[in-house]
There are 2 protein chains.
Amino acid sequence: MAMTTRVYNFGAGPAMLPESLLKEAQTELLNWHNLGVSVLEVGHRTSECVALLEHAERTLRELLGIPSNYQVLFLGGAARTQFAMIPMNLLYPEEQAGYLVTGVWSHMAFSEALRLKRAYCVASDEANQYKTIPDPKTWEFKEPTSYIYYTPNETINGIRFPYIPKTKGSTLIADMTSCLLAEPIDVTRFGLIFAGAQKNIANAGLTVVIIREDLLSRIPNPPIPSMLDYKIQAQHHSLYATPPVFNCYIAAKMFDWIKAQGGVETLFHLNCQKAARLYQYLDSSDFYTTKIDKEVRSLMNVCFSLKNEKLEPEFLHLAERAGLYALKGHRLVGGIRASLYNAMPMAGVDALIDFMSEFAKEHSR
Amino acid sequence: MAMTTRVYNFGAGPAMLPESLLKEAQTELLNWHNLGVSVLEVGHRTSECVALLEHAERTLRELLGIPSNYQVLFLGGAARTQFAMIPMNLLYPEEQAGYLVTGVWSHMAFSEALRLKRAYCVASDEANQYKTIPDPKTWEFKEPTSYIYYTPNETINGIRFPYIPKTKGSTLIADMTSCLLAEPIDVTRFGLIFAGAQKNIANAGLTVVIIREDLLSRIPNPPIPSMLDYKIQAQHHSLYATPPVFNCYIAAKMFDWIKAQGGVETLFHLNCQKAARLYQYLDSSDFYTTKIDKEVRSLMNVCFSLKNEKLEPEFLHLAERAGLYALKGHRLVGGIRASLYNAMPMAGVDALIDFMSEFAKEHSR
């Protein structure tokens, strides 16, 4: 029975973690570092916990080649808080911020910026239901612009920027929640990168922020809430308040795991293969369909539907029984979504394709 | 060897959790609810996760007798965010908020309110290094006051309000991070109660908020960041952003554990006995000393020092070797601190007193 053993978890986040990591966490859960206490109970200012945070940061820096003029912050709570922190800290008086609206998440970030400060839309594919990324020739910039914001991978619509946007000199900010550590990046191209943990980093409740130091010194004085002030969080090395220790512990293990796999480049290569295999199957099928433009298809979130949408509940039901978990598309867009983060092995993709072929065969008669 | 088994963890937070709870979490870690996925990987909108949050809320309501006109929120991140959320949401235009400053935490909350809005100090014992709670006859209120804020238990100084402060009709707000669920409370006396999880609820990374509904309808419109807006969080039943699922899972287990112990009243009785035994020993000793006024001594955090402070490093070293963990006082005040939250059994207190007697005997010659 699939239900009593581990399944392939295609959830978009919280998402699959490597089984070896979970087993380690399980073994250590009652007694961490031979301290006689659980990592759930250990003080955040103990030498063991401080060393844990340092190790996590060091490994992340190594994996992504983060230069020394960038700070790394491990912040408690959801990445969505960044939607407010970014304009509050980095949108300067008398200026605006430009948003590339290419899916549900960048749209939400844009709305939050508008709620708090002055922001504008550089380009949007909303009218087209986010099927592509508008041609850069059509993008409109305003002066003065504090920063340009974009979402390299949109999980709900399954769209990926195949390039880093040009910003006419403005600071570039990226929500990499669903792609950080899944592909190599040139950190120096960005002013700020952030990522919620629950895709490629750890369990939900942690947000990683990578911020260029010169931006910290430009942050205006109060009244930004202290917890939302990057400067304060950086000065305290993520220990301004009690950090989510357990999430940091899982993140540290994840970074080690990525390193052991051969690093980000190796995983990117595998991620490309995983996505290519599934898209190739979709393209060859007349039972399934995907509407996203080929050039901007997500590597992490493969969104598709059954041509006969009425069969989707049965598809999802049987998939789950076959050990293929959480394939339901986001409630805003429906359909099917297979998320293929770092922890998803090729065997999971193959199992999915086998199931899809079988299902198509049985329902195509 | 004490180091290879579980120890008594006297840390002030993150703090000790019941061993039975940790063992359950350990057993289930790779396969939750027979889903074939870990609770670290499960989607927050799955029926299982929604049921988990509902169960946690229902049990908490039952344990504390929370009336139906109060909302319960499970928010990601540290309780310190509340220091800003409270004035941002509940300090109305042209009004002020009054703070009872009885220790380091209430002082920090007061500072944050001052950073963002207009606040005043109702009473403070700062000049006296927080040894007592100023006589209510000396408290000064201003008109109009949106709310009065206090910290029923101050973990760093080891001070507890033995009564609920009178507010001359203003809404009362309490930071119960270190005492929620450790003693019975009359929720109807409060407009808002909040608590970081890492004392009596769960591991760090979750904040529980209990808020009276009429306050939600009075929250001003933007520009409060959406994540910091109680109204938005309440409308979405804590699912506005991805909540810290694992912390909620531990919290649900903790609420069940408290219920199984006989509820809050039973634990309060035990907490009183635990603290009384330790204070009684301190009062009878001329080797140790505690400076907090008897009437306001904390039940949760027993702060004391050795009359010969030079012996404290050795005391802490030997205590740890004897399986008595994290007894060091907060870095701001020094000395020794024994935190006796719900999960600390009487046997832990007895082991501490035995150790202290032995240490005193050996160093009193």
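Guide: This is a predicted model. In chain A, of the contacts between residues at least 6 apart in sequence, 67% join residues at least 24 apart.

Visitor: What makes chain A as compact as a globular protein of its length?
Guide: Its radius of gyration is 21 Å, and the globule rule gives 21 Å for 365 residues, so chain A is as compact as a globular protein of that length. The C-alpha trace spans about 70 × 60 × 30 Å along its principal axes. Chain A has ten helices and 14 strands, and buried residues make up 64% of its 365 residues.

Visitor: Why is the relation between the chains called a two-fold axis?
Guide: Chain B superposes on chain A by a rotation of 180° with 0.0 Å of shift along the axis, at an RMSD of 0.0 Å. That is the relation of a two-fold axis. In chain B, the C-alpha nearest the axis belongs to Gly77(B), at 2.0 Å.

Visitor: How do you know through which surface the copies meet?
Guide: Of the interface residues of chain B, 100% are also interface residues in chain A, so the copies meet through the same surface.

Visitor: Why is the pair of Tyr288(B) and Phe315(B) called edge-to-face?
Guide: The ring centres are 5.9 Å apart, and pairing requires them to lie within 6.5 Å. The planes make an angle of 70°; over 60 counts as edge-to-face, so the label applies. The pair links distant parts of the chain, with Tyr288(B) in strand E11 and Phe315(B) in helix H9, 27 residues apart. The structure holds 38 aromatic pairs over all chains.

Visitor: Are those two residues buried or exposed?
Guide: Buried means under 20% relative accessible area. Tyr288(B) has 1% and therefore counts as buried; Phe315(B), at 0%, counts as buried too.

Visitor: What makes Arg218(A) a charge over a ring?
Guide: Its charged end sits over the ring of Tyr92(A), 3.7 Å from the centre, and the distance cut-off is within 6 Å. In chain B, Arg218(B) lies over the face of Tyr92(B), also at 3.7 Å from the ring centre.

Visitor: Which residues have the most contacts inside the largest nonpolar core?
Guide: They are Ile201(A), Tyr230(A), Ile201(B) and Tyr230(B), in a core of 216 residues. Leaving out residues up to four places away in sequence, Tyr230(B) touches residues including Leu73(B), Met85(B), Ile211(B) and Ile219(B). Another core, of 38 residues, lies apart from the largest one, and Met16(B) and Leu324(B) are among its members. In soluble globular proteins, nonpolar side chains tend to be buried together.

Definitions and conventions: Residues numbered from 1 in each chain as written. Chains lettered and ligands numbered in written order. Predicted model: local features only at pLDDT ≥ 70, side-chain atom pairs only at ≥ 80, totals over all residues. Heavy atoms only, no water. Phe/Tyr/Trp six-rings, centres within 6.5 Å; stacked < 30°, edge-to-face > 60°. Helix = DSSP H or I, 4+ residues; strand = E, 2+ residues; numbered from the N terminus. Buried < 20%, exposed > 50% of the residue type's maximum accessible area, 1.4 Å probe, protein only. Lys NZ or Arg CZ within 6 Å of the ring centre and 35° of its normal. Core = buried A, V, L, I, M, F, W, Y, C linked by side-chain atoms within 4.5 Å. Contact = heavy atoms within 4.5 Å. Least-squares fit on C-alpha atoms with pLDDT ≥ 70 in both. Rg over C-alpha atoms; globule rule 2.2 N^0.38 Å.
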